[in-house]
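I opened my notebook for a friendly look around a protein fold. Here is what I looked up, entry by entry.

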Amino acid sequence: MGDYHFVYKDVEGASTQWDDIQRKLGNLPEKPPAFKPPPFTPASDQDSIPKDKSFLDSKTEEELEFLEDDLALDDDRFLQEYRKKRLTEMREATMIVRFGSVVPISGSDFVREVSQAGPDVWVVVILYKDGYAECGVLMKCLEELAVKYPGTKFVKIVSTDCIPNYPDQNLPTLLVYNNGAVKANYVGLRSFGRRCTPEGVAFVLCQSDPVLNDGQGGTERSRDSVIEGVRKRLIEKVVKDHEDDDDGSSSD
């Protein structure tokens, strides 16, 4: 007669008295805990969540756009206005500041870096040559402006790399581009007044177009708002210089 072994399995987690004795004697490992499924938590009903400011604050830009047709919000003018305000804030906060310095380019880079920069980007190009003092003065001004207005692209290129046989007596020359077209050009340092300062250069650049962009106010900026910001910085600079002069004369 064959040797048959029958293994009887009880309910999971249950233990026989014999097993308990063997565990006490150390002949069997500890019994594993019985499996317990995690408690069931029903998914929250989005329609039951109260729609208030905190509800809108928790939404992404895409979700806020989707809520435009939400009937519950249509009945609340305040929440609709708040939704639009949040969308504007989020779009402005995600504006990428791409620049911040005067970048050297070559003739072969010009089309890509300047002409094809995009309709929302203003590009300021300085044509220069090393060894010319006036080029150095204007370059220093542009380097300061590039830091203050990182939403505007500043590039520099050796004049003859850009335009073959360009006359040295025209240096430095500043070209302003937008959407692939030349919007303004300034030949020589005299274009920026008797004293070439960053504030003076900024004021000249923005006389006809909102060239300078600090990267904080979005892409749609009016000429008047840019001019007002430049004018404010110019006045602050003049006042500071005047105060410094007064302090210097009083200490003599």
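Predicted model: local features only at pLDDT ≥ 70, side-chain atom pairs only at ≥ 80, totals over all residues.

**Entry 1: helix H9**

I found H9 mostly covered, with seven of its eight residues buried. I wrote down the buried ones: Pro-198, Glu-199, Gly-200, Val-201, Ala-202, Val-204 and Leu-205.

**Entry 2: H9 and its partner**

I read that two packed helices are described by the angle between their axes and the distance between the axes. How do helix H7 and helix H9 pack? I got an angle of about 75°, with the axes 9 Å apart, for H7 (residues 133-148) and H9 (residues 198-205). So H7 is roughly perpendicular to H9, because angles of 65 to 115 degrees count as roughly perpendicular.

Next I listed who meets whom. From H7 come Leu-138, Cys-141, Leu-142, Glu-144, Leu-145 and Lys-148, and from H9 come Pro-198, Glu-199, Val-201, Ala-202 and Leu-205. I sorted the residues of this contact into eight nonpolar, no polar and three charged.

**Entry 3: Leu-138**

Which residues does Leu-138 contact, leaving aside its neighbours within four places in sequence? I noted Ile-126, Pro-172, Leu-174, Leu-189, Phe-192, Cys-196 and Val-201.

**Entry 4: the core**

A reminder to myself: in soluble globular proteins, nonpolar side chains tend to be buried together. Here I found that the largest nonpolar core has 41 residues. Those with the most contacts inside it are Val-125, Leu-138, Leu-142, Leu-174, Val-201 and Leu-205. I also checked where the core comes from: helix H6 (110-115), E2, H7, E3, E4, E5 and H9 each supply at least two of its residues.

**Entry 5: the sheet**

I moved on to the strands, which pair in a sheet through backbone hydrogen bonds, either parallel or antiparallel. In what order do the five strands of the open sheet lie? I read E1-E3-E2-E4-E5, with mixed pairing. At the edges I found strand E1 (102-104) and strand E5 (181-187), each pairing on one side only. The twist averages 25° from one strand to the next.

I then went through some of the pairs. E1 and E3 run parallel and are joined by three bridges, and I saw Pro-104 opposite Lys-156 in E3. H7 packs on this sheet, touching E1, strand E2 (122-128), E3 and strand E4 (173-178), and its direction makes about 160° with that of E2. E2 and E4 run antiparallel and are joined by six bridges, with Val-125 opposite Leu-175 in E4.

**Entry 6: strand E4**

Is E4 mostly covered or mostly open? I found it mostly covered, with six of its six residues buried. Thr-173, Leu-175 and Tyr-177 are buried on one side, and Leu-174, Val-176 and Asn-178 on the other.

E4 also pairs with E5, in the antiparallel sense, over six bridges. I saw Tyr-177 opposite Val-182 in E5. The two strands form a hairpin with two residues between them, and Asn-179 in the turn has a positive phi of about 55°.

**Entry 7: Lys-153**

Last, I visited Lys-153 in strand E3 (residues 153-158). Is Lys-153 buried or exposed? I wrote down a relative accessible area of 12%, so Lys-153 is buried, as buried means under 20%. Leaving aside its neighbours within four places in sequence, Lys-153 is in contact with Phe-99, Glu-113, Val-121, Trp-122, Val-123 and Val-124.

How values were computed. Residues numbered from 1 in each chain as written. Heavy atoms only, no water. Helix = DSSP H or I, 4+ residues; strand = E, 2+ residues; numbered from the N terminus. Buried < 20%, exposed > 50% of the residue type's maximum accessible area, 1.4 Å probe, protein only. Contact = heavy atoms within 4.5 Å. Axes fitted to C-alpha atoms, helices over the stretch in contact; angles between N-to-C directions. Parallel < 35°, antiparallel > 145°, perpendicular 65-115°, else oblique. Nonpolar A, V, L, I, M, F, W, Y, C, P; charged D, E, K, R; others polar. Pairing = 2+ DSSP bridges. Core = buried A, V, L, I, M, F, W, Y, C linked by side-chain atoms within 4.5 Å.
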